[in-house]
Structures are given as C-alpha cells and as structure tokens.
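Student: I'd like to go through this one with you, question by question. Can you put it up on the screen?

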Amino acid sequence: MTADLTTLDAAELGRRLAAGEAGSVELTRAYLDRIAEQDETLGAYLHVDAEAALARAAEVDAARTAGEELGPLAGLPVALKDVFVTEGVPTTSGSRILEGWRPPYDATVAARLKAAGTVLLGKTNMDEFAMGSSTENSAYRPARNPWDPDRIPGGSSGGSSAAVAGGLAPWALGTDTGGSIRQPAAVTGLVGHKPTYGSVSRYGLIAFSSSLDQAGPMARTVRDAALLHEAIGGHDPRDSTSIDAPVPLLVGAAEEGARGELAGLRVGVVRELGGDGHTDGYDAGVLDRVRETVALLEGMGADVREVSCPAFDLALPAYYLIAPSEASSNLARFEGMRFGLRVGDDGSRSLEEVMSLTREQGFGPEVKRRIVLGTYALSAGYYDAYYGQAQRVRTLITRDFTAAFADVDVLVSPTSPTVAWPIGARVDDPLAMYAADLCTLPASLAGLPAISVPCGLAEGLPVGFQVMAPALADDRCYRVAAAVEAALDAARGTRFLDQLTERTPA
Amino acid sequence: MSDTLVEYHELLTRYEPVVGLETHVELGTASKMFCGCATTFGAEPNTQTCPVCLGLPGSLPVVNAEAIAATIRIGLALGCRIASWCRFARKNYFYPDIPKGFQTSQYDEPLCTAGHLDVEVDGETYRVEIERVHLEEDTGKNLHVGGSTGRIHGASHSLVDFNRAGIPLVEIVTRPIPGAGARAPEVARAYVAELRDIVQSLGASDVRMEQGSLRCDVNTSLAPIGSLEWGTRTETKNVNSLRSVERAVRYEMRRQAAVLDAGSRVRQETRHFHEDTGSTSPGRSKEEATDYRYFPEPDLVPVAPDEEWVAALAAALPELPAARRARLQQEWGLSGTEMTWLVNAGALGLVEATVAAGAGPADARKWWLGELARRANDAGVELTALAVTPAQVAELGRLVADGTVNDKLARQVLDGVLAGEGDPAQVVRARGLAVMGESDELVAAVEEALAGNPDVVAKVQAGKVAALGALVGAVMRTTRGKADAATVKRMLEERVAGS
C-alpha cells in the first residue's frame, strides 16, 4: 500500500489522517521508504533525518489519539528547500560554504509549518544560493527529473520539484527569485506558485536577491498549493517588506475555479511571451499546449484578448543586473569568520587571505560569476548605467502590467519556453540557461503573483501554463489554474501526475 | 618618525585653516537599530546578540522607530530639514566587525539635511553649517589579543564582540568651517561640546566620549591666506575627548604648515590621533579607499516620517542649551564672562539644580566654583563626580545662613558629606559641628581664657581693645572653632568691662 500513499495528493492524505484511515508514522515511513529507494537516482534531498521525522510523526499521532484538536496539516510530511534555515537541521543553500552549519533559529515559514503540525522529511537540493534553472549548480550533486532522469528538474528549486513529482514528498516549499518555483514546477508537471512579493515572510530565507525572493508552494494539485500557501502566508513583523494584509482565501478560490466558473473573466495573452514575432527560443510543442489551454479558457466563458507589454523584452537584462547586484552584497557575509566553511586558517595567513581562500573554495562558478557581475554593476561610475538603468526598466515593466491589468483580470503565457532539457546541455552556456527564465521574470521584477499549472505534454514531457495577476490577487491565479487543471483532468480522465505514475510504476 | 611642526602663531601669518567634523553619536535606545537586542554598555562579550545583529544567513532587519524619532529630534534641534521620504543604503566592505559584509547606513538620502549650530568662542559667535544628519548601525568591536599595545600590530589573534554591532548610530556631518583663523581648534572643540550638550538635553544619548558613545572625526586643511581654493584635507580619527579635538586640529595645522612650507603637498588621508603624544599618524590612504558600492537597502522599506509626527516631535523638544544659558544668565543677573566661567567649569547644571533646591544663585555659584571646584581639582575629577548632590549643597548653604555653622565648620561638614556620612544636617549632628550658643561649655571656655591671660585682660582694660582678639582666639582654640566668634567677643567684652 506504500506506493499508493505516495501518489496521493496532500489534501487526500490529510483527509485520511483526520478520519483515522492512516497514521502520520505510516505516511512518513512510506515517504522515507520511497526516498531510500529513489533518491540516489533523483538527488532530490541534501539532508534527510528519518529519525526526527518519525519521532515528530509519532508525536502527532499520539496527540490525535489523545483527542487533541489538530489543524488540517497536522501529521502531513513536507520537504523544505535547503534555502530555509531550520533550527538544528543542517542548512546549506546548496553551497559548500555552509557545509555543516546548523542554524540556531527557524525561518518564519518553517516555524509556521512546524506549528501547523507538519512533519519535516528533509531539506531539498537546489542550485547554489538559488542561482540557476537546472539544479546542476548544486555544490553537492545535480537533481534529476522524475519524468526522465537524464533531464533537469528545473531550478533553482529542482530538489523540491523532483521530490514532489517523484513521490518523495507530498508537497514542498520552494523559493522564486526569477522563476525558481514556477519553472521547476512546469518541467516536472507540478503546480508552483510565486506569491505577491511581501505576502510570505522572507525571514530565515537565505537571501539571493532581497527585492525579488519569495517563498511559495510546490504541489501535485492547485488545491494542495493553495492549502500550503495559506499555511505559510501572512504578515511577519520580522520582515520589514512583509505586507500587513490578510491572506486571501486561496483554497476557496481553487475550489471555485475547479467548478469551471470563468464567465466574464478577462484573460490577456502576453504577445511578448511566445506570441507572434516572439517565438524564438520557444518549443513548438510548448506553444501548442499553451494555445490549446487559452482556447480551453475561452470555452469556459473567459473573455480572451492579446495584450502587448513591450518592456517585457528588457526583463532578462534588467534581472541579470539587479539580482547579481543584490546577491554580491547578500553573499558578503559568507567570509568564513562566524559560521560554515573556513579555509586556510593555519596561522600563516592574514585575515584577508583566509577570507578570499574561503570564498574561492566555498563558492561555485555560477555564484562567483554573479558576484563579479553584481560587484561590477554597483561600482562607482557604473552604478547609473547598470543598476540604476535596470531599476528604471523595472519601473517600465511594472507600468506595462498596470496598463494591462486595467483591461484584463489575469495575464497568461508559457511558464518556460522549453520542456526539460538534458542534463549538461546548457552548463557551458550561461545565456541559454538564463533564457529559461524569460517568461517568469516579468512577474518577479514587478513583485506580482504568478502560478504555473501543468497544461499537457510535449515530447512526452510536462508543459507549464503561467497565470499572472495583480499584487495581492493571488486568489485569481489559483482560480484560473484550478479551472485549467479540472478541465484537463476531466478531458484526460486521470490527474496529470498519474501519467508519470503509470509510466514508472514504483 | 616625528613630524616637522611650524609654530602655531607663525603659521597663522601665512595660512588659513578650514575644519570640518563628522560626529558619531550612539543613541541610548533600549534596543538595537534593527533587532530587539539590549544595548547595555559593558555587558559580557557577545551576550547581547541574535541572528539579526550577528548577520546570520536568512536574518532580516526591522527599523527601530525610537531611533528614527531620536534622529529626527537631533535634526530638529540643529535646525535641519527633515526628509519626507528617505531610504537606508548598504555600504559594502569586508571587515570582521561588520557581520553582514555591509553596514546598513544612509547614503544620498539622509534623514536630516541643511541645519546649523552657532557656537561661541571668546565672545564671538561662529555659525557651523550642518550638511546632514543620518542614521546607521554601529559595528562590533575588535579586541586584539597577545600584543602589548592592544593594537593589531603584534597581536597573536583577534576577537570580536558583537554587543555593539547594530547599536543605532547617528552621524552628524558639518560643512567645512572657514574663517575661524587662529580660533579654528577652539571652534571645533566648542562645536563638539555644544553638540554634546544638545544631544544630552534631548536625552537621546549619554554622549560619553570616554565610552565611545560620542566619537569624532576631525577634518583639517590649510590654504595660503587669500587663496580662493581650500587645501587638501586630512581626516583625523580616534579623537576621544573635547581637549583632543582642539589638540588634533592644532597639531594638524602645524604639521600641514610644515609640509606646505617645504613645497610638498598634503596627502589626502586618514590619520590617527594619539592621546599620549598629542600627535597624529597616517592610517589608510584615501586614494586607495574602497569603493563602497552603495545601493538602497532592499530589506527595508523607505522611511517616510509623517508631517504631523515631525511637528509633534518639534513641539515637544526641550529647551536647548543655548536658550537655557541665555535664560539662566538673565535670571541670575550674570555677565557674559561669568556665565562662560560657569559653563567652562561644567557647573551650569549643578548650580541650576542647587538653586532649584533652594539656594540663592550667588551662594550656589560660590560653592561650586569655590570650595567644590578646589576639591574636584585636588581629586582630579569632574565636578559632577564629587559625592555631593546639589540638594546637599543647598542645605549646607542654609545651615550657614541660619548660623548653625560658620564657614570654617561648613568645610568640615562638607568633608563629612563627601566621606559618605550623610546629609549636612546629619553630619553636623554626628560630628557635633554646630556653632555653640551661650552654653555652660562656652562660659567655662571664656572664664578659662580670662583666668589664663591676666596680662591680656589688663591691656584690654587699659584701653588696648585690639588685644581682645588674643582672648577670642584662645576661646576658639578651646572650642575647636565651634564657637561663634561674635558671641565670644561679646561675652568677653561684658566680662572684662564688668570685672
């Protein structure tokens, strides 16, 4: 029965736990078994603590037996991207420079999930410091795509996507700076949502680019994503950029969307993201699935029109100035003095030498590339031409969104221009790697919510459909995504990930 | 290597100095700038720290609203314009005492700009223009271990105490101050003193230079008299007392004059002031200074002080030192010079408190500038460090005024108070210092003096009234000064006349 449990969605697992049809220990053991079986291939986890997970699960089971009032997430296993600090649990952000570090505190989202009674299975693999789109930049090992282990699971939250798609966790948290939740969700057939910037706490999230980073859910279904999002969202006084507003009712929005009620919804298809004259670099199969999905929405009563957002063409260069600039500063604290790796401190070297050796050996090539880029962009004499100019582009992109949302309720596009590519295919070509973020960057730069929902297969690999909404209207993303999911599931007769389960029986 | 120096009076015949000051004030907020850690001075190293002020991965700053308010109040007291919207910025550089690899500071958007402070030197008023007042976080403190000097040279290793890291620090930057001529060192000192008094009156900091809660960098440059351009400046750090401010400027003027006299150029550099020798030595050269790569701090939202709030802070400002001095000078009827003495002696607040405790202004001044100043001077401490309160001084004044003690006894009462024996009245009782009335003891002492000095008595009776003084002295000796001389004199006169 183990295999059955790990193919179920979290909402169903929660129902079984609440009904006493399954125990948290049983569930946790099922996932741990699956991890033991599959993770050598998939490389989804950087740290698994089976003992702690089982102990925690036993506590929740005991509380339930004792008749304690438990929340809907109690006893459900979860995996966290290794970018979230977890008290006493190794946290590396995918980097050697933090190897062996056990944080003395919990990230706010980790604390919230703990308080909700979830069981932490482990910390998932990622591109080092969340810099990458394939998880090949992990300092430890690459993660692999459960649909085809020779292909990338996306990135930077590729450990989380591999874990959830592969049945090594029912759901997981990722972080998204330029697409790091949505793109891995898209290429592994998951639902992944990047919340409105400021609506989920960043406290305890190891910063890559502070003005862009957002934590969010990665799950098998839209409803699961909404449930997990509600559990982590909301104001946090420890994060100054946290918005003090109630979390919209996301599960409700997903349920509403699943009923297919889209009459009157105005949908804008972004021309600059795969539309006419903007198809270079896009897989034909991806564009086909997206066009079909748009037609599907129209069929459900949505009012579809094409929208032009010219500044989106500038998103990629702007992003690759802003994110590295902030990263060059955020990563300055990793100098071997107070935590993590220290290299060369044998009494013969100066402080500066130990700091440089530590950074030389502790950081991988992509991290160094971005530190150099960012340091250059912020330098006296270059600041205005690079960082300053990129911020102006950011304003233009925000204006394009504002103008578009005057006429439509949501904007849609492919999530990723391509399906998962073979491992190693882009490692020597950073620009090709960066292009994977083309469709996800605009919402990141504008701080807007955006979701990726599976919309079919191309070349036998998952394709993601992106829905973007105005700030704090995350519920619209869930509503539209749930409508797409429900319609496609109904047409297919199975749920999206069941196609993978059928292909690779555990 | 010691610098060549030009005599001060001589350099002034050829050069005109310009000084400028950057002053850092550690705010006295209960918690740090961006986290909830305590700010108590002198706590065990690294006991007032948390993930935020240690810069641990994932931690985020949250602005201390009290620190914003205190900075705005300082800005208002200096007549600054308060920004309606401004941001923090990251100043990026590597050093072990900055945990994040950057200092959160303000760059091109300071909270307060364009103020001024008038200071008085030798009866002349100098206006010091304030360029900006901004808020930042303090660094940790490096402790160099194993060397003899406590400095990094010769040390075997260094330790970092992060208790200070993240304490709110206000930086007050003046515009260059030209035109002070020979008085430039004193103007610099007077500015820092006045600034210190203002911040203290606001209750924003304890401004103790010796503890580093007020720190000063002094910029000095010289230009030939009549030159349209200012000279190259040096920035002198480690200037940790008011006296050092004055000495540092004076030294730099003398040193730079020698450099210029020799036909060389002054290097733009940071220099360190040495308290023991009164000299400065070169530190890091500004030419090779780090590019700090300032950019707006993305982890903090902009600070936008509400106009009404700023107005309320302005309305609630206490009386500032200059206004207070003017008021007290008028109330006490003092001349400008008398007021200056009082201020320079550090006695203004003490006298004010003594007057408030009931003493007359003249009496209070007499005590603090006289007997108490002498004692402080003998002990080598500030007046405020004496173990006597203004209320006790006022009480002592009352005891003299009502004749309980005379001036000589009063000094003995003071001995007792300073020795911790209690309030003046208690000391008088415990030590038996009250002036004697016409008691049996005094009558006996008078009789004894008359009986023991028949020759003097005879002289007095023969009309040599001045000889009576010898008899008074004898009685005073017997009573160890506790008798009232006038009473003794009257009693002696009665008895001599009556015999």
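Student: Which side chain of chain B makes a 3.0 Å polar contact with the side chain of Arg90(B)?
Tutor: This is a predicted model, where local features need pLDDT of at least 70, side-chain atom pairs count only at pLDDT 80 or more, and totals for chains, interfaces and linings use all residues. Residues are numbered from 1 along each chain as its sequence is written, chains are lettered from A and ligands numbered from 1 in the order written, and side-chain values use heavy atoms, leaving out hydrogens and water. A polar contact is an N or O pair within 3.5 Å; within protein, one atom must be able to donate a hydrogen and the other to accept it, and residues adjacent in sequence count only if both atoms are side-chain atoms. For Arg90(B), the partner at 3.0 Å is Asp299(B).

Student: And which side chain of chain A does Arg90(B) contact?
Tutor: Here the polar contact is 2.8 Å, side chain to side chain. The partner is Asn330(A).

Student: Is Arg90(B) buried or exposed?
Tutor: Arg90(B) lies in strand β3 of chain B, residues 89–92 (strands are DSSP runs of E, at least two residues; helices are H or I, at least four; both are numbered from the N terminus). The cut-offs are under 20% relative accessible area for buried, over 50% for exposed and partly exposed in between, with a 1.4 Å probe and protein chains only. Because its relative accessibility is 0%, Arg90(B) counts as buried.

Student: Over in chain A, which residue of β8(A) is the bridge partner of Gly268(A)?
Tutor: Strands β7(A) and β8(A) run parallel, joined by 5 bridges (pairing takes at least two DSSP bridges). The partner of Gly268(A) is Arg305(A).
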